[in-house]
Amino acid sequence: MSAAPAIDFEMIFRHAPVGMCISVNRVIQSCNEAVSAMFGYAHGALDGQSFQVLYPTIDEFLRTGDRIIPVMNARGVYSDERIMRRANGELFWCHVSGRAIDARDPLGAGVWTFEDVSEKRPVTAELTPREREIAAFLVEGKTSKVIARETGLSPRTVEMHRAKLMRKFAAATSSELVHKLMGVNR
């Protein structure tokens, strides 16, 4: 009997059909070809870069980091859908999931996956950074009270942002807004 061939994990990582990267303290150590292509960078150009380059603004990068820590501490994994930025400045919806290698250090070494969901959910309105954040929470099905608690805003401020989103998306109800944010045609 011959031995099974060795598994080449490096090749699997590089050519996986889903975007994957390894990070330490929110700095990309290595990412695969799918991440480079999704974000519009030459392969290897993101290695050594902060995840900040993939966010529309530094505030969104910082706020997301603040949200990740308690969730990773509680569950060991993190997942959400958020608006990200390609190298050419185009904004798009992206599903992001990650796991810390050491559960006691949620932003330390970690493995992250990225999926471009812009075909299902195009960014169709000019949104402020805070509106993008509120939109991401609404898509997750969170209430204004929960959003307020997780963002440190008052429920009234969250409602104000929701109202602005409803105007921008010409939505008559909150459920219609969520459907439009998700790209569901009704």
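I take a residue as buried when its relative accessible area is under 20%. The model I am reading is a predicted one.

**Entry 1. Aromatic pairs**

I began with Tyr55, which has 4% relative accessibility and therefore counts as buried. Its ring pairs with that of Phe61 in an edge-to-face arrangement, with 5.6 Å between the centres and 70 degrees between the planes. Phe61 is buried as well, at a relative accessible area of 10%.

I then looked up how many aromatic pairs the structure holds, and found four. Another of them is Phe51 with Phe114: the ring centres are 6.1 Å apart and the planes stand at 50 degrees, so I noted the pair as tilted. Phe51 sits in the loop between helix H2 (33-39) and helix H3 (58-75), while Phe114 belongs to strand E5 (residues 110-116), so this pair ties together parts 63 residues apart in sequence. I checked the accessibility of both rings' residues. Phe51 has 8% and counts as buried; Phe114 has a relative accessible area of 3% and is buried too. Ring pairs also join Phe51 and Phe114 with Phe39 and Phe92 in a cluster.

**Entry 2. Met38**

Next I looked at Met38, in helix H2. Which residues does Met38 contact, leaving aside its neighbours within four places in sequence? I listed Gly19, Arg86, Phe92, Cys94, Phe114, Glu115 and Asp116. Two of these, Phe92 and Phe114, are members of the ring cluster. For Glu115 I also took the separation from Met38: 77 residues in sequence, but 8.3 Å in space from C-alpha to C-alpha.

**Entry 3. Burial of H4**

I went through helix H4 (residues 129-139) for accessibility. Nine of its 11 residues are buried, so H4 is largely enclosed by the rest of the structure. The buried ones are Glu131, Arg132, Glu133, Ile134, Ala135, Ala136, Phe137, Leu138 and Val139; I noted that the charged residues Glu131, Arg132 and Glu133 are among them. What do the buried residues of H4 pack against? The list I wrote down is H3, strand E3 (77-85), strand E4 (91-100), H5, H6 and helix H7 (174-181). After H4 comes Gly141, with a positive phi near 85 degrees.

**Entry 4. H4 against H5**

I looked up how H4 packs on helix H5 (residues 144-151): the angle is about 130 degrees and the axes are 10 Å apart. That angle makes H4 oblique to H5. The crossing is right-handed. On the H4 side the contact is made by Arg130, Glu133, Ile134, Phe137 and Leu138, and on the H5 side by Ile147, Glu150 and Thr151. Sorted by class, these give four nonpolar, one polar and three charged residues.

**Entry 5. H5 against H6**

Last, I turned to H5 and helix H6 (residues 155-168), whose axes come within 8 Å and cross at roughly 110 degrees. The two helices are therefore roughly perpendicular, the range for that term being 65 to 115 degrees. H5 passes H6 in a right-handed crossing. From H5 I noted Ser144, Ile147 and Ala148, which meet Pro155, Val158, Glu159 and Arg162 of H6. The classes here are four nonpolar, one polar and two charged.

Notes: Residues numbered from 1 in each chain as written. Predicted model: local features only at pLDDT ≥ 70, side-chain atom pairs only at ≥ 80, totals over all residues. Heavy atoms only, no water. Axes fitted to C-alpha atoms, helices over the stretch in contact; angles between N-to-C directions. Helix = DSSP H or I, 4+ residues; strand = E, 2+ residues; numbered from the N terminus. Parallel < 35°, antiparallel > 145°, perpendicular 65-115°, else oblique. Left-handed = near helix turned anticlockwise from the far one by under 90°. Contact = heavy atoms within 4.5 Å. Phe/Tyr/Trp six-rings, centres within 6.5 Å; stacked < 30°, edge-to-face > 60°. Buried < 20%, exposed > 50% of the residue type's maximum accessible area, 1.4 Å probe, protein only.
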